[in-house]
Amino acid sequence: MGCLVDRILTSHLQGLLSSPTDFAIMSLDLDGDLVLWNAGAATLFDLRPDMAGISVADLLDGSAAKLVSLRMQMTEALQSGRACLTGWYKSVSLRRFWGEGTLSPIYDDEGTHAGYLKIIRDVSERQRAEQDVLLALQTDDLTGLANRVAFNSRLHEMLGALNRHHTTFILHLLDLDFFKDVNDTLGHQAGDQLLRQVGARLHGACRETDLVARLGGDEFAIIQCDVTTPSDGSMLAEKILKSLNEPFMLDENQASISASMGLALAPQDGKTQDELLRKADAALYRAKHSGRAAYSYFTRALDIEAQNRRRDIAAVRDAVQQHAFFLVYQPAISPCDQHLTGVEALLRCSHPVLAQRPIRDVIQLAEECGQMHRLSEWVMRQVCAQARLWFDHGHAKFRISLNLCARELGSYATLDLVDRALAHSALHASDLGVELTEQELFESKADGMKVLRALSERGVGIGLDDFGTGYSSLSYLTNLPVDQIKLDISFTRCLPHDFQVQKIVSAIINLAHALDLSVVGEGVESREQSLAMSRLQCDALQGFYFSRPMLAHRMTQWMKERSEHGH
């Protein structure tokens with residue numbers, strides 16, 4: 001056969017083979033073995049004159065499947081008249097390059113198939129340039145990880161392979177806890193350093209087969225491939241959380257963070273990109289609200305919970321827009337002379353979807369969907385305007401208080417809200433009080449303390465609500481700009497009959513007085529509780545024994561009636 005091909009080339013292709021060109025031109029016999037080649041092929045593949053008869057498959061770069069690939073190319077060339085070729089090749093000296101060309105069948109004068117003509121050129125520089133551009137488009141500039149484009153492409157590819165290969169993979173979504181604190185306290189440059197180091201730790205915790213991507217901000221995603229059981233996801237999640245638990249050095253500053261992770265399994269939890277992402281995000285939400293520094297798998301129950309949450313968030317947005325909120329007021333009474341010492345304003349919601357939900361849940365939803373600032377501004381204006389109205393009608397001065405949540409406390413915009421509301425209502429700063437829980441104080445971090453100090457410097461009263469639970473520490477009261485503590489209802493409930501609780505409450509009140517702090521006893525529901533608190537010299541009492549929370553007009557009537565009776 002080789003002699004036949006030689007004769008055909010001599011009569012029809014000799015001019016092509018001898019022409020100077022950068023193309024590698026080779027003739028192959030019916031088995032794909034080399035017969036003749038030009039100078040361009042000799043240079044590109046480092047071919048020697050004694051190499052006639054070797055399989056051109058040996059010049060393909062790849063695995064043992066390269067012979068199969070050659071057979072497929074020859075079949076396509078016969079069926080279509082020409083096969084287009086692209087792929088990695090290697091020379092005899094093992095130099096790799098990206099080749100592009102064609103494979104065409106050769107026929108003799110009688111039309112009998114005699115072999116193949118292969119034309120290839122080296123386009124490695126163009127290929128590398130294209131790959132560099134593609135890599136840049138798919139790489140996160142800050143961390144060097146895959147970006148959202150690459151993540152979406154890989155996730156689409158993995159989902160497409162599920163049915164073909166019966167594989168399983170796990171999608172991990174990860175958010176950093178308290179990343180904003182690093183940005184706010186150390187600056188955005190430190191935040192960028194932190195994100196780069198987080199990216200490096202995530203990459204180090206995963207295998208080469210896994211994809212680690214930064215989706216934006218402090219959001220990361222991992223596609224964990226080739227998993228055998230769901231517990232593989234737990235092992236990786238625990239490894240990552242442990243890795244991120246180690247301190248980070250940001251120039252000369254040390255920072256500690258944690259992360260929350262949501263895990264969804266494919267195909268069990270979803271067979272489409274949207275479905276899998278939605279369920280991993282729902283799992284992440286649960287992890288964040290179970291204490292953070294944790295991971296959670298998606299479950300059916302969680303799916304229902306996520307749907308309800310989306311409904312509730314839509315309802316909160318609607319409630320804020322429609323002003324479906326109102327305020328009730330609960331008085332605080334001096335146990336000595338029964339006069340009014342303060343009034344606490346409490347938020348309530350009348351929206352049909354949210355009316356039966358605890359108000360703390362509604363506030364949390366408002367925080368999460370970005371509506372808290374608008375709601376806070378409305379509350380602040382309403383409270384100050386109502387106090388102004390009561391004072392203008394001759395009622396004795398008292399402190400009217402409202403509650404702050406952690407996000408409000410950590411935002412300097414809260415100071416502007418307070419300033420505008422006081423100016424609009426012509427109230428003195430001392431007429432207004434803000435209350436927060438120990439949990440909220442803890443979560444607000446350094447910015448919360450700065451906002452509190454700024455409010456205190458303006459003359460606004462600061463109350464620590466539900467004192468005695470959570471992060472209680474009597475020693476830190478000396479470092480806080482607080483002028484009032486409100487004992488948690490659990491103390492009041494046990495006080496009349498529990499001698500140990502009486503000693504604890506007495507110690508708290510004595511220490512508070514030594515620090516020039518007033519003490520309010522919450523949850524007073526009986527005469528016995530009122531008398532017990534009075535004996536322990538509590539400064540003010542609040543609870544159903546005196547009054548339930550009331551609408552403004554009922555509160556006005558209540559104050560009028562007490563005034564008429566000399567209180």
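The following legends describe close-up views of a predicted model.

Local features are reported at pLDDT of at least 70 and side-chain atom pairs only at pLDDT 80 or more, whereas totals for chains, interfaces and linings use all residues. Residues are numbered from 1 along each chain as its sequence is written, and side-chain values use heavy atoms, with hydrogens and water left out.

**View A. The mixed sheet β7-β8-β6-β11-β12.** Five strands form this open sheet in the order given, with mixed pairing. Strands (E, at least two residues) and helices (H or I, at least four residues) are DSSP runs numbered from the N terminus, and two strands pair if DSSP finds at least two bridges between them. β7 (211–216) and β12 (295–297) stand at the edges with a single partner strand each, so one side of each lacks a neighbour in the sheet. Neighbouring strands are turned by 20 degrees against each other on average, direction ignored; the axes are lines fitted to C-alpha atoms, and angles run from 0 to 180 degrees between N-to-C directions.

View B. β7 and β8 (residues 219–224) run antiparallel and are joined by five bridges. Leu-211 has Ile-223 of β8 as its bridge partner, and Arg-214 is partnered by Phe-220 of β8. Two residues lie between the strands of the hairpin, where Gly-217 takes a positive phi near 55 degrees. Five of the six residues of β7 are buried, so this strand is largely enclosed by the rest of the structure. Buried denotes under 20% relative accessible area, exposed over 50%, and partly exposed the range in between (1.4 Å probe, protein chains only).

**View C. The antiparallel sheet β2-β1-β5-β4-β3.** This open sheet contains five strands in the order given, with antiparallel pairing. Its edge strands, β2 (34–37) and β3, each pair on one side only. The twist averages 30 degrees from one strand to the next. Nine bridges connect β4 with the antiparallel strand β5 (residues 113–122), and Gly-99 has Asp-122 of β5 as its bridge partner.

**View D. Aromatic pairs.** The structure holds nine aromatic pairs. Rings of Phe, Tyr and Trp (its six-membered ring) pair if their centres lie within 6.5 Å; planes under 30 degrees apart count as stacked, over 60 as edge-to-face and the rest as tilted. Trp-88 and Trp-98 form an edge-to-face pair, 5.2 Å centre to centre with 80 degrees between the planes. Trp-88 belongs to strand β3 (residues 83–90) and Trp-98 to strand β4 (residues 96–107), 10 residues apart. Trp-98 is buried, with a relative accessible area of 16%. The ring centres of Trp-390 and Phe-398 are 6.1 Å apart and their planes lie at 55 degrees, so this pair is tilted. Both Trp-390 and Phe-398 are buried. Ring pairs link Tyr-329, Trp-390, Phe-391 and Phe-398 into a cluster.

**View E. Arginine side chains over phenylalanine rings.** Arg-201 lies over the face of Phe-248, at 3.6 Å from the ring centre. The charged end of Arg-548 sits over the ring of Phe-544, 4.0 Å from its centre. A charge sits over a ring if NZ of Lys or CZ of Arg is within 6 Å of the ring centre and within 35 degrees of the ring normal.

View F. Helix α14 (residues 413–425) has 13 residues, which at 1.5 Å a residue should span 18 Å; its end C-alpha atoms are 19 Å apart, in agreement. The expected span is 1.5 Å times one less than the number of residues. The buried residues of α14 are Thr-414, Leu-415, Leu-417, Val-418, Ala-421, Leu-422 and Ser-425. Seen down the axis of α14, these buried residues fall within an arc of 160 degrees, so they line one face of the helix; the arc is that of the directions from the helix axis to the C-beta atoms. Ala-423 and His-424 are exposed on the other side of α14.

View G. Most residues other than glycine have a negative phi, and most peptide bonds are trans. A cis peptide bond joins Ala-266 and Pro-267, with omega about 10 degrees; Pro-267 lies in the loop between β11 (258–266) and α9 (273–288). Gln-338 has a positive phi near 65 degrees and lies in the loop between β13 (325–333) and β14 (340–349). Gln-338 is partly exposed, with a relative accessible area of 26%. Asp-516 has a positive phi near 65 degrees and lies in the loop between α17 (499–514) and β19 (518–521). At 68% relative accessibility, Asp-516 counts as exposed.
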